[in-house]
Amino acid sequence: MYVWLACGLYLMNGMATVAVGSVMPLAVQHLHTTYVFGSDLVLLQFVGYWIGVPLSSLAVRRFGYRWTLVASSALTAIGEAGFAAWPEPAAYLASSLLTGVGMAMMQATVSTSLVEWFPARRAVIMSRTEAAFGLGCVMSPLVASACIAAGVWRAVFTLVAAAAAALAVLSVFTPMAAQSEAEGGPRDAHTDAIHFANRRDRALVLALFMLCVLVYVGVESCVNNFLPAVFIEHFGLPAPTASVTVSIFWSAMVVGRMATGWVARFLPYRPYLVLATVGTLCTSVAMAVSASHIAGYVECALLGLFMSGIYVVTLVFANHAFPELTGLVTRLVTFFAGLGGATLPYAFGWTLAKTGSQWADVALALFAAMLLAVVAWTGWVTKRKSRSRAERVHLAG
């Protein structure tokens, strides 16, 4: 029951994440402002993330998981209702901040609880919630499109607010408890335990995991926010045709995240991440040199498939490396995800504005190369730590 609730919460979180962007042109026109104001809304949402992550930790310690989820859903509902009820610039800024706080609290709380309560099935369980998040990102633009066609574009916020409020009520009644290791269900593939000789080794590995998260979410945010603009510049497509790229990307992400739980039963974390980031780099390079928009659409789908499981597998691998720091690691992952989502897209948008799509494509490929380099470095360090321990045990025996 709790896993179903978690999937519902992530679905709502995905809808809230892209709701503003789905109606951004109409909101900017209605508020008599520019897209600079839109960037302010995005920035404030990430500021809300940075507030919500430590607030989640404090709330869980004080009130427990259940009431933290109720509070986070209620905050998200209030923020989304603010978008719908008060179409004024100041109200939109406040609503964006409040929504960011609520979504961060929810994401940090759910991911921490699932990692703690399903220690042998982390990737399998978390892949379901991430698939639900992706489905929300696909649904929200469709709902927004229907609302725009009906002449009530702000209704998309009302629907997301209603979903958040309903989930707050469901959180009160849903059973919440840790799962026994003896309980059935598919499990993650075995990955050797990692042993650290000193604090310096622990700090290095933790920093590498956080860097992986930062770069990955930065790349994903670049795709979310600028892929249509890149296709317009690169292939000369009209805006409605170019906007399909994000839907293709997220549809592939949903399919890939549903498959991640199955793949994780057979493929350990380390090789999974290496293969996924190699595929991400190859696809981003292909997009940079592609001359056909049809090929570009195919590459969008492939990019979504390759990127679909990187976040969740990095999250569970980091918790596998630091089993005694589950809560801290999960909240750090959420925090650095917000940091990556704010920084890399800013650099990418600046490159696109100043140099055009050609160098923006190169920048995306460079970010993908950076992600592969960090993942490979992390894999090498963690494998060496695992092997060195095994060799010492073998020699001692």
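Are Arg257 and Glu130 buried or exposed? Both Arg257 and Glu130 are buried, where buried stands for under 20% relative accessible area, exposed for over 50% and partly exposed for the range in between, with a 1.4 Å probe and protein chains only. The model is predicted, so local features need pLDDT of at least 70 and side-chain atom pairs count only at pLDDT 80 or more, while totals for chains, interfaces and linings use all residues. Residues are numbered from 1 along each chain as its sequence is written, and side-chain values use heavy atoms, with hydrogens and water left out.

**Overall make-up**

- The chain has 14 helices and zero strands, these elements being DSSP runs numbered from the N terminus (H or I over at least four residues for helices, E over at least two for strands).
- Of the 397 residues in the chain, 54% are buried.

**Salt bridges**

- The count comes to two salt bridges, each defined as a side-chain nitrogen of Lys or Arg within 4 Å of a carboxyl oxygen of Asp or Glu.
- Arg257 forms a salt bridge with Glu130, with the closest N and O atoms 3.4 Å apart; because Arg257 lies in helix α9 and Glu130 in helix α5, this pair ties together parts that are 127 residues apart in sequence.
- Arg257 also forms a salt bridge with Glu220, where the closest N and O atoms are 3.6 Å apart, and since Glu220 lies in helix α7 and Arg257 in helix α9, the pair ties together parts that are 37 residues apart in sequence.
- Glu130, Glu220 and Arg257 are thus linked in a network of salt bridges, in which Arg257 is buried at a relative accessible area of 2% and Glu220 is buried at 10%.

**Second largest pocket**

- The second largest pocket has a volume of about 180 Å³; on a 1 Å grid over the protein atoms alone, a pocket is an open set of points with protein on both sides within 12 Å along at least five of seven lines, a cavity is a set where a 1.4 Å probe fits but cannot get out, and lining residues have an atom within 4 Å of a point.
- Its lining consists of Val3, Trp4, Cys7, Arg128, Ala131, Ala132, Leu135, Val254 and Met258, which by class are eight nonpolar, no polar and one charged residues.
- Helices α1 (2–22), α5 (122–149) and α9 (244–263) each supply at least two residues of the lining of this second largest pocket, and α5 gives the most, with four residues.

**Cavities**

- There are four cavities of 30 Å³ or more, and the largest cavity holds about 60 Å³ of space.
- The largest cavity is lined by Cys222, Val223, Leu227, Val230, Met287, Phe348, Asp361 and Leu364, a set that divides into seven nonpolar, no polar and one charged residues.
- While α7 (199–235) and α14 (357–396) each supply at least two residues of the lining of the largest cavity, α7 gives the most, with four residues.

**Nonpolar surface patch**

- Val255, Val298, Leu302, Leu305 and Phe306 form a nonpolar patch on the surface with about 410 Å² of accessible area together; patches are made of residues with over 30% relative accessible area and no salt bridge, like charges being joined within 9 Å and nonpolar side chains (Val, Leu, Ile, Met, Phe, Trp, Tyr) within 5 Å.
- Helix α11 (residues 293–307) provides the largest share of the nonpolar patch, four residues.
- Leu305 lies in helix α11 and, at 39% relative accessibility, counts as partly exposed.

Note on methods:
Accessible areas come from the Shrake-Rupley method with a 1.4 Å probe; for residues, only the protein chains shown count as cover. Grid points are joined across faces, edges and corners, and a volume is the space filled by probe spheres set on the points. Ala, Val, Leu, Ile, Met, Phe, Trp, Tyr, Cys and Pro count as nonpolar, Asp, Glu, Lys and Arg as charged, and the others, Gly among them, as polar.
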